[in-house]
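Thanks for coming. I will take a few minutes on the charged side chains of one structure. Please have a look at it first.

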Amino acid sequence: QVHLAESGGGLVQPGGSLRLSCAASGSIFRINAMVWYRQAPGKQRELVAGITSGGSTEYADSVKGRFTISRDNAKNTVYLQMNSLKPEDTAVYYCNADAYIDPIRDLEVWGQGTLVTVSS
């Protein structure tokens, strides 16, 4: 019904930048919050950054000042600009959305993940 497609991951050197995108498609009435999570090998999934439909944002302490989340509501797309990347940012990054398929029913939807590797 609703599908999230992430892109933009890859290999980058420490100090470099990447921009992740997550586009929602399907039977979408509206999308509330959109959130980026990440999961490093051997670790639990953690919240990286989130944004409401009105543009309010929150960030994990570990990425504040380096990552910026934004969204284009017309395109049902959320972005994560990652600067000053560190090896500890290496993880699979997942997009999550609270998507309404009609005025009443909402779904929690996850993307398939995109791998970010920070290494020299």
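Predicted model: local features only at pLDDT ≥ 70, side-chain atom pairs only at ≥ 80, totals over all residues.

Residues are numbered from 1 along each chain as its sequence is written, and side-chain values use heavy atoms, with hydrogens and water left out.

A salt bridge here is a side-chain nitrogen of Lys or Arg within 4 Å of a carboxyl oxygen of Asp or Glu. Searching the whole structure gives five of them.

Let me begin with aspartate 89. Its salt bridge with arginine 38 has the closest N and O atoms 2.9 Å apart. Aspartate 89 sits in the loop between strands E8 (77–82) and E9 (91–100) and arginine 38 in strand E4 (residues 30–39), so the pair ties together parts that are 51 residues apart in sequence. Strands, marked E, are DSSP runs of at least two residues, numbered from the N terminus.

Aspartate 89 also pairs with arginine 66, where the closest N and O atoms are 2.7 Å apart. Arginine 66 is in the loop between strand E6 (57–59) and strand E7 (67–72), 23 residues from aspartate 89.

Are these residues buried or exposed? Buried means under 20% relative accessible area and exposed over 50%, with partly exposed in between, using a 1.4 Å probe and protein chains only. Aspartate 89 is buried at 1%, arginine 38 is buried at 6%, and arginine 66 is buried at 10%. Together with Glu46, the residues Arg38, Arg66 and Asp89 are linked in a network of salt bridges.

Lastly, aspartate 61 forms a salt bridge with lysine 64, with 3.1 Å between the closest N and O atoms. Aspartate 61 is exposed, at 66% relative accessible area.

Conventions: Helix = DSSP H or I, 4+ residues; strand = E, 2+ residues; numbered from the N terminus.
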